[in-house]
Amino acid sequence: MVSSTGVNGNYDVPYVFRPFYSVLLAKPHQHKEVAEKAIKESGLAYTLVRPALLTSGKLTKKYRADVGVCGYTVSRNDVAHFILEQCVLENKFINASPSIAY
């Protein structure tokens, strides 16, 4: 599942973005929290990818991705690359919630 940084706390959100995430994204994050909980409790293997603020930029392959990574933005193309390469082909983040950002 593609979720968002800031779901289940602000540890992976840059300090200056925290008010934005806490106020303007509170409702969407509530829905994502419900979805994440359902997936985790399903008993199935999962990966909950939490990208930073999405952009329409080009594929750079220069992103950082791991549990707790904090950053401002990431392109949709780099998120797709990360999901295919590391989550699907390499199975690196089974039952984990990696964040991805520049």
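Author: Helices here are DSSP runs of H or I with at least four residues, strands are E runs of at least two, and both are numbered from the N terminus. The model is predicted, so local features need pLDDT of at least 70 and side-chain atom pairs count only at pLDDT 80 or more, while totals for chains, interfaces and linings use all residues. Residues are numbered from 1 along each chain as its sequence is written, and side-chain values use heavy atoms, leaving out hydrogens and water.

Val13 sits in the segment before helix 1 (18–23). Its relative accessibility is 0%, so Val13 counts as buried. Buried means under 20% relative accessible area, exposed means over 50%, and partly exposed lies in between (1.4 Å probe, protein chains only). Beyond four places in sequence, Val13 touches Thr5, Gly6, Arg18, Tyr21 and Cys70; contact means heavy atoms within 4.5 Å.

Helix 3 bends by about 25° at Ile83. That bend is the angle between axes fitted to the seven residues ending there and the seven starting there.

Which residues of helix 3 are buried? They are Asp78, Val79, Phe82, Gln86 and Cys87. An α-helix has 3.6 residues a turn, so residues three or four places apart point the same way. The cover over the buried residues of helix 3 includes strand 1 (50–51), strand 2 (53–55), strand 3 (64–66), strand 4 (73–75) and strand 5.

Take Gln86. Its relative accessible area is 16%, so Gln86 is buried. Setting aside neighbours within four places, Gln86 contacts Tyr63, His81, Asn91, Lys92 and Phe93.

Ala101 has contacts beyond four places in sequence, among them Ala52, Tyr63, Val69 and Val74.

Three strands form an open sheet in the order 1-5-3, with mixed pairing. Strands pair if DSSP finds at least two bridges between them. Strand 1 and strand 3 are the edges, each pairing on one side only. Strand 3 and strand 5 pair antiparallel over three bridges. There, Ala65 stands opposite Ile100 in strand 5.

Strand 1 has one more link. Glu36 forms a salt bridge with Arg50, with the closest N and O atoms 2.4 Å apart. A salt bridge is a side-chain nitrogen of Lys or Arg within 4 Å of a carboxyl oxygen of Asp or Glu. Glu36 lies in helix 2 (residues 26–40) and Arg50 in strand 1, so the pair ties together parts 14 residues apart in sequence. Glu36 is buried at 1% relative accessible area, and Arg50 counts as buried at 2%. A search of the whole structure finds one salt bridge.
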